[in-house]
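Here is a short briefing on one protein chain. Keep the 3D view open as you read, and find each residue as it comes up.

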Amino acid sequence: MLDAIGALVPLAVLGYAAYSDFRTREVDDAVWVVLCAASAPFVASKLIEMEKGALVAYALSAYLAFAAGFALSALGAWGWADFLALACIGLVALPREGALSLIPSLSTLINALLMSSVYPVLLFAENVSRLAKGERVFEGVEASAPLRALALFTLRYVPVQEYLKRKSFYSLAERVEGGKRRLVFKVGVGDETPAALPPADRVWVSPHVPFVTMLALGYALHVTVGCLLDHLLAPLLLR
């Protein structure tokens, strides 16, 4: 019973964080305080019972979560909420059996990355659907064939007004140089609105992946089945 409650509490808090991130791309900092405070009694009781090897794995996981999360945030690869999410998961997630599952924050991050890999597929399906309907999505945009192919997997083609209203969801993926529209690809969050938007009704934008949501899913998978990569690699390791 205690184990079930200990697992459900962080899942419930992370579930709320995931919902907030998905709807607004923002999560109140108070959520992370609640997550750590509510999980502390259960985590402490488990740490007391842990063997030395598991304790070392837990400590390493907490360190990696903070260090990797802070580094990615400082580099602009993801946002502050993503860092806090991973750092807190490093404190509340416990080791499981498995080479990667033994390090909970690493297991969660790998699961999250695997979950987020569906995004390029969804973007490609959306963009190809537009092309199939006869929309001239690259009209007025100078880009080579490889760049256009990359755009189909990584960008969205949206009305300018949608971009302006939902700037927390997108980064502009175009710039105007010498009167010509060109595609811009970058990794990271944040967007600087140019002095003048491209002269078009629709623009290409880079969607911000709701990575807190992905981390919440990654944690849920870690708690239930461990690291997905452990299961995917198991057949190869058993040969």
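Start at Gly179, which sits in the loop between β4 (174-177) and β5 (180-183). Keep in mind that this is a predicted model.

**A loop glycine**
- Is Gly179 buried or exposed? Gly179 has a relative accessible area of 70%. The cut-off for exposed is over 50%, so Gly179 counts as exposed.
- Now look from Gly179 to Val43. Their C-alpha atoms are 59 Å apart in space. Along the sequence, Gly179 and Val43 are 136 residues apart.

**The whole chain**
- The protein chain has ten helices and six strands.
- Its C-alpha trace spans about 65 × 45 × 30 Å along the principal axes.
- The protein chain has 239 residues, and 39% of them count as buried.
- The accessible surface of the protein chain is about 12900 Å². Carbon and sulfur atoms make up 67% of that surface.
- Take the contacts in the protein chain with a separation of 6 or more. Of these, 74% join residues 24 or more positions apart.

- Ser206 belongs to strand β6 (residues 202-207). Its relative accessibility is 17%. Buried means under 20%, so Ser206 counts as buried.
- Which residues does Ser206 touch, leaving aside its neighbours within four places in sequence? The contacts of Ser206 are Thr154, Leu155, Phe169, Tyr170, Ser171 and Ala173.
- Ser73 is placed in helix α3 (residues 52-74). With a relative accessible area of 19%, Ser73 is buried as well.
- Leaving aside neighbours within four places in sequence, Ser73 is in contact with Trp78, Gly79, Trp80 and Phe83.
- Check Phe83 in the view. Ser73 and Phe83 are ten residues apart along the chain. Their C-alpha atoms are separated by 6.2 Å.

**A positive phi**
- Arg25 is in the loop between α1 and α2.
- Phi of Arg25 is near 65°, a positive value in a residue other than glycine.
- Most residues other than glycine have a negative phi.

**The cysteines**
- How many disulfides are there? The count comes to zero.
- Cys88 shows the reasoning. The nearest cysteine sulfur to that of Cys88 belongs to Cys36, and it is 3.4 Å away. A disulfide needs two cysteine sulfur atoms within 2.5 Å, so Cys88 is in no disulfide.
- Cys88 is buried, with a relative accessible area of 9%.
- Cys227 is buried too, at 0% relative accessibility.

**The second largest pocket**
- Rolling a probe the size of a water molecule over the atoms shows where empty space is left.
- The second largest pocket has a volume of about 250 Å³.
- Which residues are closest to the centre of the second largest pocket? They are Ala7, Phe42, Leu94, Pro95 and Val223, out of 15 residues that line this pocket.
- Three helices each supply at least two residues of the lining: α1 (2-24), α2 (30-49) and α9 (211-224).
- By class, this lining has ten nonpolar, two polar and three charged residues.

Technical notes. Residues are numbered from 1 along each chain as its sequence is written. This is a predicted model: local features need pLDDT of at least 70, side-chain atom pairs count only at pLDDT 80 or more; totals for chains, interfaces and linings use all residues. Side-chain values use heavy atoms; hydrogens and water are left out. On a 1 Å grid over the protein atoms alone, a cavity is a set of points where a 1.4 Å probe fits but cannot get out, and a pocket is an open set with protein on both sides within 12 Å along at least five of seven lines; lining residues have an atom within 4 Å of a point. Grid points are joined across faces, edges and corners, and a volume is the space filled by probe spheres set on the points. Helices (H or I, at least four residues) and strands (E, at least two) are DSSP runs, numbered from the N terminus. Ala, Val, Leu, Ile, Met, Phe, Trp, Tyr, Cys and Pro count as nonpolar, Asp, Glu, Lys and Arg as charged, and the others, Gly among them, as polar. Buried means under 20% relative accessible area, exposed over 50%, partly exposed in between (1.4 Å probe, protein chains only). Contact means heavy atoms within 4.5 Å. Accessible areas come from the Shrake-Rupley method with a 1.4 Å probe; for residues, only the protein chains shown count as cover.
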